[in-house]
Amino acid sequence: MLKTFSLGGIHPPENKFSAGKNIETLPIPSQVAIPVAQHIGAPAAPVVKKGDQVKVGTLIAKSAGFVSANIHSPVSGTVFKIDDIIDASGYRKPAIIINVEGDEWEESIDRSADLKKDITATPEEIIKKVAEAGIVGLGGATFPSHVKLSVPPGKNCDILILNAVECEPYLTADHQLMLEKGDEIMVGTQILMKALKVDKAVIGIENNKPDAIKHLKALAASYPEITIEALKVQYPQGGEKQLIDACIKRQIPSGKLPIEVGAVVQNVGTTLAVYEAVQKNKPLFERVVTITGKSVAKPSNFLTRIGTPLKDLIEAAGGLPEDTGKIVGGGPMMGKALVSTEIPVTKGSSGVLIIKDEEAKRKKMQNCIKCSKCISVCPMGLEPYLLMTVSDKAIWDRAEEEKIMDCIECGSCSYTCPSSRPLLDYIRLGKGKVGQIMRSRTK
Amino acid sequence: MNVVVITILTLGILGTVAALVLYFVAQKFKVFEDPRIDQVEEALPAANCGGCGFPGCRAFAEAMVKSDDISSLNCPVGGAETMSAAAAILGKEVSAAAPLIAVVKCHGTCENRPKTNSYDGAGSCAVSTSLYGGETGCSHGCLGEGDCVDVCTFDAIYMDEKTSLPVVKDNCVACGACVDACPKNIIELRKAGPKGRRIFVSCINKDKGGVAKKACSVACIGCKKCMKECPFDAITVENNLAYIHDDKCKLCRKCVAVCPTNAIHEINFPPKKVKPVAPAAAAKKPEAVKTDNNSSSDNKNKEE
Amino acid sequence: MSTLTISPSPHVHSGDSVKKNMYGVVIAMIPVLISSVYNFGIGALSVVATSVLACVFFEYIIQKYILKGESTIGDGSAIITGLLLAFNLPAVIPVWIIVIGALVAIGMGKMSFGGLGNNPFNPALLGRVFLLISFPVQMTSWSEPGKFPMKFTDINSGATPLGVMKEALGNGQTPDQILPDLPSYTDMLWGFTSGSAGEMAGAAILLGLVFMLVRKTITWHIPIAVIASVYVFAGILHWADAAAYAPPTFHILSGGLLLGAVFMATDYSSSPMSKKGGIIFGIGIGVITIAIRVFGAYPEGISFAILIMNAFVPLIDKYIKPKRFGEKPATAK
């Protein structure tokens, strides 16, 4: 019996069309647009101006606060302008636009492919390097990694958990990374363990990736402190709380962070970025992006520079199909529908999913039949039907009482609802409002 | 016979005892309330809309009775009449507030503002806003899901099916519910004006002129022509967006004529008969405008 | 390419629908229907047909002309109500009574609260209880079971096993004396006893339960809680005084207990949302049923028990919450 998390969960069709497709390097575009806000926290402050020459890896925007991240140039060339561009949500947000000239890297970056196993950096140096390299959670949450690695005083961390679950249907970027960069991920894991001063690490992988489990298990033979945990396929196992519950059977209390139960979770992609930053001095300016969908001619995994417009990826995957109805940034469960194909790849882009026209629209909403299936699937043990009602009726105190803030927005409820009710839409709205009320109370 | 007597006696005694208990309890727990609160509440519209800033009409009545200076209090629904009636009960002075009305500051109809994508989520502006900028290139404008209509307790606002924009009817009492409900802050309470005449910039797009114009053909592009034209300094332009201050505006309509994108709207004005002469005629004095208004008093409201 | 669609996540759906759930329940009731027709013949068939048609008709009319909404008869919930109402009526009841029952069930029990999903009480049971109180004679004139009897008006007021038991116990007889005169437990399981059209065949009902559990239309909590609590409560009484109280197995197999536990108590909108709540709800039904059967005036109490517990559902939902994640203190060191 494989382990999994204890409450709820669903198993949507996996549709991993791009599984087993080797990571290809996408050609560098002629112009890149790099939003200054592509992580959780304060937007980075640009340190270049129009006309400046930059190389690959040059710092172009500086972290503006503790919870914020540096941004480095993914290309070499000239800064064309700093202007507002349309972001994924259709709002205009500032971005640095660079015209590409050649591909010249900063000299400090070690571009060799050799595996560098010895970790010479001290924990403090590791955290500093992670911060300098602008690494954020690459699973999609884009939370600055150095913040997670800095265990707050008074808290104790005893285990590192690597998130290699990739529970979102369609996405395969992490899967492919594990197959191709297994050694680097192992060293990266050790770096993270050193930074956190822990002697145990668990890599949680869902059982639908047997090749990755086998590969990493073989590699882990020489790292006794790293365990590979095969997990039952169940969405949303990639959620931090669910993953900790699944791997080590500890449940984070309501409103608390993983550190409360002595665990820190990092994504495998992030781990690789940490390896590259610490051992190779390479800041985060490229990432693996899955481009997939039922109608996509050539579902692929591309190593892509940040700032590349999505249309370049779509072109490389065989072009935008005629019957496209929706383009999703990320997976189908938690990804964000995009307003155009001009949007650049950011640090949080784990995938691009093309959905056909006939599947793009939701079914008509019907009355709630109180079948309680949303309760059965909720991984947080909440009552989505009730939260939707109180959010719609703006009964915020009741929403807070019913623990609306515990919702991880996994979408299992909306996925399951036989009446096709937009449960999560309203819960998300309620979370926003209740969050505001709670913050104003503490002030 | 005996049974009847006993029954009557038992029930009678029980009733008396209960009545006594009730009487003493009522005496003991009596809470003194100023009788004038009831009187004032009686004078209020009893809509309980919250437009005054209090949870309901009774709370407002309490506030009126308790505070010495009630000049800051106003019931937008009842207006000056109600306020003076309520003030008369209390023997207090009330300053007549100019009646307000809600205006929708967006005119992004389907023709003016072409759709760039289509929304398919829960039918609520609040949900839509939390997700993304909107169905068009303009991320400031009306989303058309009708949150304002849902909250209106006076049936004073409806969605125009053709334009999918909300339209305020003349029975608007300016309670402000729609203003709070609109996540894009498109609706504003402005002076209703004489005969319901009002002029406002029907746009809230703060993008640069070119960007705004590209997204919507009737967007305010921040060209400042109206600001320069205005003889009363009633118009300011900030963040590429013009705003007409209704306390200074004398409704001369000069700005309406010069706006290159027709972003400035006039409501309830008579149609201009001689268009080319209008700028010259209006250039004289505000009095001229007033006479113009009076002369055309036979005109009916063009909006309904 | 048309314009891109924007909607909040998730962007996929399970494909589950109200229809699938409702027709799943209808399919689960087919074995009951077959056994009912086998035992009570044409009479059962006509009762079922009248009841289903009347329920669908009333829902259509009310939705169209009173609520003025889109037609909802396609979702199958009116068919379920019709079937359940029919299963709760004697197979020889006059047609006009069935139509009145259907009107009460759909009109009063369901549509007056806003239609599908909003009814606090099980509509079919409301219809049944209304008829039971209004037409006690017709509602308690049962026909004897046979092998597909073709005759229509085969009224034989041979009382149900429960009725016989109640009367005999009242006369001072002991269960041991009465039971041999009643149909055997096996006959009761197969439905060869007199009673309402669809409530007698325990085996067919249990087959439906298995079907619904496999399809995950319902969870096991409510039916099992009802049956278990009946067994335990009746067992305690029987154990305390075997001469005065019938054995628990008899209580489970007789009357409409199984039908109620499997198909009526599990009605989505009139049962609690959480699993814990479902168990409390089920236990309540079991205890009240036995209390009515043993101490009350009626020989059967499951309908009243379910309706009484339906009234407690909002209270249960308010106070019984599902197990929240992280509720137990974490085992951090």
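Reader: Why are α13(C) and α15(C) called roughly parallel to each other?

Author: The axes of α13(C), residues 257-264, and α15(C), residues 302-319, cross at roughly 30 degrees. Angles under 35 degrees count as roughly parallel (over 145 is roughly antiparallel, 65 to 115 roughly perpendicular and the rest oblique), so α13(C) and α15(C) are roughly parallel to each other. The two axes also come within 9 Å; axes are lines fitted to C-alpha atoms, for helices over the stretch in contact, with angles from 0 to 180 degrees between N-to-C directions.

Reader: Which residues make that contact?

Author: From α13(C) they are L257(C), G260(C) and M264(C), and from α15(C) they are I302(C), S303(C) and I306(C). Two residues are in contact if their C-beta atoms, placed from the backbone, lie within 7 Å. The contact residues divide into 4 nonpolar, 2 polar and no charged. Ala, Val, Leu, Ile, Met, Phe, Trp, Tyr, Cys and Pro count as nonpolar, Asp, Glu, Lys and Arg as charged, and the others, Gly among them, as polar.

Reader: What kind of model is this, and how are its parts numbered?

Author: This is a predicted model, in which local features need pLDDT of at least 70 and side-chain atom pairs count only at pLDDT 80 or more, while totals for chains, interfaces and linings use all residues. Residues are numbered from 1 along each chain as its sequence is written, and chains are lettered from A and ligands numbered from 1 in the order in which they are written.

Reader: How do you know whether the radius of gyration of chain C agrees with a compact globule?

Author: The radius is taken over C-alpha atoms, and the globule rule is 2.2 Å times the number of residues to the power 0.38. With 333 residues the rule gives near 20 Å, and chain C has 21 Å, so the two agree. The C-alpha atoms of chain C fill a box of roughly 75 × 60 × 30 Å along the principal axes.

Reader: What else describes chain C?

Author: Chain C has 15 helices and 1 strand. Helices (H or I, at least four residues) and strands (E, at least two) are DSSP runs, numbered from the N terminus. Of its 333 residues, 54% count as buried. Buried means 20 or more other C-beta atoms within 10 Å of a residue's own, exposed 12 or fewer, and partly exposed in between, with C-beta atoms placed from the backbone.

Reader: What makes α7(A) mostly covered?

Author: In α7(A), 12 of its 13 residues are buried, among them V268(A), L272(A) and Y275(A). Helix α7(A), residues 268-280, reaches 17 Å from its first C-alpha to its last, close to the expected 18 Å; the expected span is 1.5 Å times one less than the number of residues. Just after α7(A), N281(A) takes a positive phi of about 65 degrees.

Reader: How many residues do chains C and A bring to their contact?

Author: Chain C gives 36 residues and chain A gives 56. On the side of chain C, β1 (4-6) and α1 (18-28) are the elements that give two or more residues.
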